[in-house]
Each structure stands twice: as C-alpha cells, then as structure tokens.
Amino acid sequence: QPPVRDRLRIAIQKNGRLSEPARALLSSCGLSWRESPDRLFCYGETAPVDLLLVRDDDIPGLITSGVCDLGIVGRNVLLEEVSLADLEGQPYNAKELRALGFGGCRLAIAVPQAWTWTGIEDLRGRRIATSYPGILQRWLDDAGIDATTVQLSGSVEIAPRLGQADVVCDLVSSGATLAANQLTPVMDLMTSEAVLVGTTQPLDPARAALLDMLLRRLDGVLKIRD
Ligand code: PRT
Ligand code: ZN
C-alpha cells in the first residue's frame with residue numbers, strides 16, 4: 001500500500017524529445033516548480049503538483065507501482081508495457097488519459113529497399129529487429145504470422161546491414177534514418193504521440209481533486225492549441 005500523499009506527482013522525461021514540450025505544456029496549465037539541486041525532483045509552487053524527472057522507460061512502472069500518479073510518455077512506451085502484460089495474461093493498471101499533440105511518430109515495419117514488398121505474409125519466417133517486442137508480437141499474433149523477434153535496445157535500423165535481422169520494426173518520424181540505412185517503411189503497427197498516463201485505480205479525494213483541476217486546465221490548453 002503506497003503511503004498517503006496529498007500532493008500530485010507527475011513523472012516526465014528528464015532528457016529527451018519529450019522533456020521540453022512536456023514541461024511547457026504543464027507550465028501553460030499554470031504550474032511552476034522549484035527544482036532540487038540534483039534536477040530529479042521539482043517541487044510545485046503554484047499548486048501541490050510535483051514533477052519527477054526520469055528515463056521515459058521508467059514512467060509506466062512508476063505509475064503502476066503508485067510512486068507517481070501521472071506521467072507523460074510516448075504512446076509507444078505505454079502500449080509496449082500493456083502488450084507485455086497482455087501477452088502474460090496479466091491486467092495492466094495504467095492507461096492513456098489524454099493525447100497531447102506533440103512527439104508524433106509511428107511504429108513501422110521497414111524492409112530493405114531492394115525487396116519487392118507484397119504484404120504482411122512476406123514476414124513469415126523472417127527475423128525482425130525491434131525495441132518493441134511486445135507490440136510486435138501481439139501484431140504478429142493478430143495477423144497469424146510466425147516470425148523471429150530480435151530484441152535490440154538501440155540502433156535497430158542498422159541490424160539488417162549487420163546481418164542480425166532481415167527487417168526492422170522501429171519508430172519513424174521524418175523517415176531520414178530509415179532512408180540512410182537503405183530501408184523503406186511498408187506497414188504501420190501504430191501511430192504515436194506523447195500522452196498523459198494515469199492509474200486505473202481510484203485516487204484518494206485530495207489527489208483526485210488535483211487531477212480534476214489539472215485535466216480541466218489541460219483540456220482548455222489543448223483546445224486552444226488545436
Ligand atoms: O533517455 P530516455 O530513455 O528517456 O529517452 P529515449 O532515448 O528512450 O527517448 P527519445 O527522447 O529518443 O524519444 C522519446 C519519445 O519521442 C519516443 O518514445 C517517441 O514516442 C517519440 N518520438 C517521436 C521519437 C521520434 N519521434 C523519433 N524519430 N522517438 C524516436 N525517434 C527516433 C527514430 O526511431 C529514428 O531512429 O529518431 C530517429 C530519427 O527519426 P527520423 O525518422 O526522423 O529519421
Ligand atoms: Zn527510453
């Protein structure tokens with residue numbers, strides 16, 4: 001049982017693509033913070049809403065464990081955790097509350113430019129390099145395709161050139177990285193953007209009221225941005 005807190009705690013990325021826009025969005029909701037010297041924790045000044053600055057991969061777990069109430073993370077990162085839980089037959093107690101309109105990208109299958117792509121059946125028996133084994137496995141299962149997943153934590157797009165895999169399943173935004181590696185995207189598994197993640201468990205009344213306040217302000221800001 002997590003200790004009772006009367007302040008809301010939001011996990012955001014410390015250094016990365018989503019750090020700046022996530023903070024800017026929360027600032028535009030009227031929040032401001034005093035930073036700790038180690039830049040890991042930001043204490044809310046205008047409202048009892050604190051920030052924890054972490055690796056994006058740690059954000060879903062911080063919410064499911066109750067350490068944080070909310071997080072801002074790519075939908076791809078959340079869906080990977082949901083998919084892994086699902087493959088294990090386990091429920092998952094965090095969910096997307098709002099799409100935030102930045103950090104847009106897609107998770108796509110990309111094949112060597114020399115291939116003639118005819119469809120998903122072409123993946124049968126192939127080795128697919130990815131950092132998203134859960135999303136990929138569920139997608140392959142849905143399509144009834146047997147393939148081998150090669151799990152890599154980075155530099156997925158060079159795997160085919162190294163002979164580690166035949167194709168990749170990776171995030172794409174401009175497509176320049178794929179092109180530089182003589183790969184071409186052929187199918188999307190999902191489209192992603194930054195999302196606000198929250199627990200599916202009920203919050204105590206103090207934090208529930210803070211969450212309501214934050215969502216109201218956020219919806220106002222997102223509406224203007226639209
Ligand atoms: O250190 P930490 O673990 O917190 O950060 P990270 O390195 O895991 O994440 P980061 O900051 O790179 O990305 C955070 C989130 O931004 C991702 O989870 C996505 O939701 C989102 N995002 C948006 C992207 C991209 N666009 C993107 N282009 N994440 C990664 N990329 C990669 C892509 O895979 C490719 O290799 O950037 C490269 C360049 O992309 P192109 O297509 O523009 O060439
Ligand atoms: Zn990460």
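## Where H3 meets H4

In helix H3 (residues 75-87), the residues Leu 79, Glu 80, Ser 83, Leu 84, Asp 86 and Leu 87 touch Gly 134, Ile 135, Gln 137 and Arg 138 of H4. Contact here means that the C-beta atoms, placed from the backbone, lie within 7 Å. Sorted by class, the residues of this contact are 4 nonpolar, 3 polar and 3 charged. Ala, Val, Leu, Ile, Met, Phe, Trp, Tyr, Cys and Pro count as nonpolar, Asp, Glu, Lys and Arg as charged, and the others, Gly among them, as polar.

This is a predicted model, in which local features need pLDDT of at least 70, side-chain atom pairs count only at pLDDT 80 or more, and totals for chains, interfaces and linings use all residues. Residues are numbered from 1 along each chain as its sequence is written, while chains are lettered from A and ligands numbered from 1 in the order in which they are written.

## How the helices cross

The axes of H3 and H4 (residues 133-143) come within 7 Å and cross at roughly 60 degrees. Axes are lines fitted to C-alpha atoms, for helices over the stretch in contact, with angles running from 0 to 180 degrees between N-to-C directions. Helices (H or I, at least four residues) and strands (E, at least two) are DSSP runs, numbered from the N terminus.

## Two domains

The chain splits into domain 1 (8-103 + 193-225) and domain 2 (105-192), with bounds from an automatic or database domain assignment. Their C-alpha centres are 29 Å apart, and their contact takes 11 residues from domain 1 and 10 residues from domain 2.

## Around ligand 1

Ligand 1 is surrounded by 23 residues, the closest being Gly 16, Gly 74, Cys 105, Ser 174 and Thr 177; a residue counts as near if its C-beta atom, placed from the backbone, lies within 6 Å. Two or more residues come from each of H3, strand S10 (167-172) and helix H6 (176-180), and S10 gives the largest share, 3 residues.

The shell has 6 nonpolar, 11 polar and 6 charged residues.

Conventions. Contact = placed C-beta atoms within 7 Å.
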